[in-house]
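Hello,

Here is the structure I promised to pass on.

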Amino acid sequence: MNSLLGFVLISVLILIVIVQIARVTELAGIRRGDKETQKLTNKRNANYMMWFLAGFMIFCVVSALHYKNYFLGYGPHTAASSHGKLIDSLFNTTLFFTGIVFVATHIALFYFSWKYKEEEGVKAEYIAHDTRLEIIWTAIPAVVMAILVVFGLSAWNEIMADTEDEFIEIEATGYQFAWHLRYPGSDNLLGTRNYKMIDGSNPIGQDWEDIKNHDDLHPGEIVLPVGEKVRVRITARDVLHNFYLPHFRVKMDAVPGMPTYFVFTPEVTTEQYRENLKEYEEYQVPADLEDPEGPQKWEVFNYELACAELCGKGHFSMKRIVKIVERDVYDEWLKEQQPYYMTSIRNTDADPFKGQKLASDSPEEEAPAEEVSEDADIVAMNAESAE
Ligand SMILES: [Cu+2]
């Protein structure tokens with residue numbers, strides 16, 4: 001942070017010095033009233049344009065090459081989901097065409113400033129209209145854009161198609177400022193919600209009359225098995241948020257009152273991703289610079305869920321860890337999670353079934369009763385209804 005500040009300060013100072021020198025030179029020229037000085041300045045400025053062009057182009061290429069292993073889509077950061085590869089290739093196609101335009105227009109911009117600098121006796125030509133030119137600079141971008149749109153649309157339709165196959169459904173609700181995550185529990189069904197029911201003990205407005213809600217889990221992180229299709233239901237509680245899993249190329253707006261979704265299949269476990277990072281120098285450095293003996297960057301890598309919609313001053317804090325694991329580890333983890341209803345709602349005033357027996361809240365395959373809750377009454381009840 002300090003070195004960055006120093007760099008910015010020095011850059012500003014150098015800029016001020018250059019501007020001051022230029023002003024002094026200019027003033028000296030005006031005092032002399034010299035036409036030659038004017039000519040010289042024009043020439044010098046034109047040459048600066050060419051130097052800037054060369055420097056700028058070299059800077060772009062060198063910095064891109066230097067940082068390529070940090071970019072999504074390059075080096076170790078190839079997509080960790082099956083559809084992500086399609087997005088990456090689409091991105092590279094777009095980059096190819098826009099790259100050509102970027103280089104060509106910048107060369108033209110600075111070259112023309114050099115070539116058409118003021119010269120004595122030369123007057124600029126005035127062209128009001130040129131049909132051929134108009135056709136060329138309309139047709140070429142139109143064709144290129146059409147190609148990109150066609151590719152993009154077909155990829156969009158492929159990626160956004162909802163799934164008929166078997167999938168794991170989870171839910172993410174964005175709010176200022178965090179994600180509330182929900183897993184369907186042992187019945188594999190997410191219970192109904194109603195925003196009017198949101199209160200201190202019911203953060204996403206689950207309807208406790210709906211028994212599908214009784215086994216729903218509220219974990220603090222996303223854990224998913226590798227190679228299995230996941231459908232994420234995405235909603236928001238207050239303002240626009242955006243469900244963004246950069247490493248999986250998953251990105252979808254979270255809109256209050258309008259549920260959206262995204263279907264994807266993670267293909268690389270967190271462990272494998274770390275192993276891939278290990279191969280690259282950039283990640284073989286200490287994760288914490290203050291602790292050179294500590295773990296290296298690749299060792300502490302974690303996938304993350306971010307909010308990609310600037311949603312307020314706590315926007316940055318919406319990060320959540322995402323873990324992709326083998327199926328058995330996932331099953332283990334699932335077993336450890338406790339239904340929110342059982343731990344926080346059951347037999348409180350918010351529970352519509354307070355004091356009543358529930359046959360449905362303990363299906364046979366559910367974890368042993370003592371793991372579900374410490375509450376002795378519930379344990380007894382569960383044992384009863386399981387018979
Ligand atoms: Cu947000």
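Asn 188 counts as partly exposed because it has 13 C-beta neighbours inside 10 Å; a residue is buried with 20 or more other C-beta atoms within 10 Å of its own, exposed with 12 or fewer, and partly exposed in between, with C-beta atoms placed from the backbone. Asn 188 also has a positive phi of about 60°, although it is not a glycine. You will find Asn 188 in the loop between strand 2 and strand 3 (222-225); strands (E, at least two residues) and helices (H or I, at least four) are DSSP runs numbered from the N terminus.

Before going further, please keep in mind that this is a predicted model: local features need pLDDT of at least 70, side-chain atom pairs count only at pLDDT 80 or more, and totals for chains, interfaces and linings use all residues. Residues are numbered from 1 along each chain as its sequence is written.

Arg 249 has a positive phi too, of about 55°, and is not a glycine. Arg 249 is buried, with 22 other C-beta atoms within 10 Å, and is found in the loop between strand 5 (241-245) and strand 6 (250-254).

Another loop, between strand 1 (168-175) and strand 2 (178-182), holds Phe 177. The peptide bond leading from Gln 176 to Phe 177 is cis, with omega near 0°.

Lastly, helix 3 (residues 84-115) has 32 residues. Its buried residues, Gly 84, Ile 87 and Phe 110, pack against helix 2 (35-66) and helix 4 (131-160), contact being C-beta atoms, placed from the backbone, within 7 Å.

Best wishes

Methods:
Expected span 1.5 Å × (residues − 1). Contact = placed C-beta atoms within 7 Å.
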